[in-house]
Amino acid sequence: MTALPAPADHDPAPAVAGLDTIVSLAKRRGFVFPSSEIYGGINAVWDYGPLGVELKNNVKRAWWRAMVQERDDIVGLDAGILMHPEVWVTSGHVESFTDPMVECANDKRRFRLDELPGTEELTETEKRDPGIVEKLGLKCPVDGGPLSPPRRFNLMFRTYMGPVEEEAAAIYLRPETAQGSYVNFKNVRETSRKKLPFGIAQIGKSFRNEISPGNFVFRMREFEQMEMQYFVRSEDAARIFDEWLPRRWEWYLRYGANQERMRFREHAPDELAHYAKKAIDIEYRFPFGWKELEGIHNRGDWDLSRHQAASGENLEYFDAATNGSFVPWIVETAGGPDRCAFMFLIDSYREEEVKGERRVSLALHPELAPYKVAVLPLLKKRPEIVEMCQRIVSDLRRDVMTVYDDTASIGKLYRRQDEIGTPWCVTVDVDSLEDGAVTVRDRDSMTQERISADQVKRFVLDRLATARGG
Ligand code: GAP
């Protein structure tokens, strides 16, 4: 394992000047749309369009490959979003999963205390101080009105199970996937026959009634998580925690993230989540500042001990070597495909001038690119050319996402594919009909090479394997 990268002590320029650049590209090209837009939209929910769903699926596949497929010690799980309500009492979320909220006396607008201008340096203890608004002289950022003292606002969405809306039927939409892994700890261990240390990985939707969502898909009320819970002996927890830090860091680099814009940040003791003994975030320099991409947490035996006590189920691990039983500790890696896909969009964005024209491209890692190949006819009026394109497309589609496009001139078609990050364009021209060869153009270098049409699939699969490092 490589040594932990030194934390960035500088503030690098963000990859793109403003968030608007990415939001507008995402909308224009079908990556991400505002949800329910024809009704005026709904705050903090975004819909992934045809290209966005491919990008996000590719992010999830890449994570699953590294965390489950390539490892012997981690298995997958897909637990329900709805869980027994006691889970959230036991886990501490009913009591402690809160953010400090203040309200404007004039217009009743609510804000997260720590997102108001002038609160950047507040400690967690200060955020709990009832006199903090007065001490800092904070005012409503919209109309300058007086603000209430902070009160704790629980972020969990509540709903009712079944036809009667009564207190006894109240349940929550999960705010993290982790608890599904804990309540299934025994099922998974027994069926997979894994020995410590081993992990359970999950990808799935989570919900948080964020007070001030925003910054595009960075903070939403409905989002996805990619979380892995690694069950360990208590005496190994600190070492294993340290090992996951560079492993997760390297995963981002493997898919093209720019490490100049990444850093580790350890949580201060009063900032730690209610379950955490230690937490270090991998942060990314978004256009709106340094923010968490993923958290690595040492959760101690908090979760399993509490679930064992509350459920009465024995969640201890029997160690045949020592003939003893104990509750395992948990090291968690907690990230999400929304923030990840967003970060890869920002980091891959390029603008340059080529032959007097502005070229926008997404230099996405080929594994993450929505389409791997675009097949383009130089003359769409020649049926033999279109037919040859279609033969290449149907051959490629068996293995990779491929698009055919003949709706513009070749120059425009290249620009269109550059802007959505397609790594290779294959062009069929009049000569192709004679010599059976086609032109393959590389997105990043814009170089073109002529290869036999029969070799296109091999060419693409070889390059994908090289990019993946396999
Ligand atoms: N189980 C631990 C946990 O949930 P977290 O740091 O609160 O930890 C983990 O969340 C990851 O989930 C974050 O790093 C982020 O990628 C994603 N995430 C959390 N809240 C989010 C939100 N409101 N919108 C988008 N992604 C979010």
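This is a predicted model: local features need pLDDT of at least 70, side-chain atom pairs count only at pLDDT 80 or more; totals for chains, interfaces and linings use all residues.
Student: What should I know before I start?
Tutor: Local features need pLDDT of at least 70, side-chain atom pairs count only at pLDDT 80 or more, and totals for chains, interfaces and linings use all residues. Residues are numbered from 1 along each chain as its sequence is written, and side-chain values use heavy atoms, with hydrogens and water left out.

Student: OK, the ligand. How many residues surround the ligand?
Tutor: 22 residues do, each with a heavy atom within 4 Å of it. The closest are E176, M220, E227, E292 and E332.

Student: Which strand gives the most to that shell?
Tutor: β13, with five residues. β13 spans 289–300. β10 (222–232) and β16 (329–335) each supply at least two. Strands here are DSSP runs of E, at least two residues, numbered from the N terminus.

Student: What does the backbone of M220 do there?
Tutor: A polar backbone atom of M220 is 2.8 Å from a ligand nitrogen. A backbone N or O atom of G336 lies 3.0 Å from a ligand oxygen.

Student: How much of the ligand is buried by the protein?
Tutor: 94% of the 560 Å² that the ligand exposes when taken alone. Those areas come from the Shrake-Rupley method with a 1.4 Å probe.

Student: New topic. What does W244 touch?
Tutor: Leaving aside neighbours within four places in sequence, W244 is in contact (heavy atoms within 4.5 Å) with M67, R71, I74, M228, Y230, I296, V331 and T333.

Note on methods: A polar contact is a pair of N or O atoms within 3.5 Å; within protein, one must be able to donate a hydrogen and the other to accept it, and residues adjacent in sequence count only if both atoms are side-chain atoms. Helices (H or I, at least four residues) and strands (E, at least two) are DSSP runs, numbered from the N terminus.
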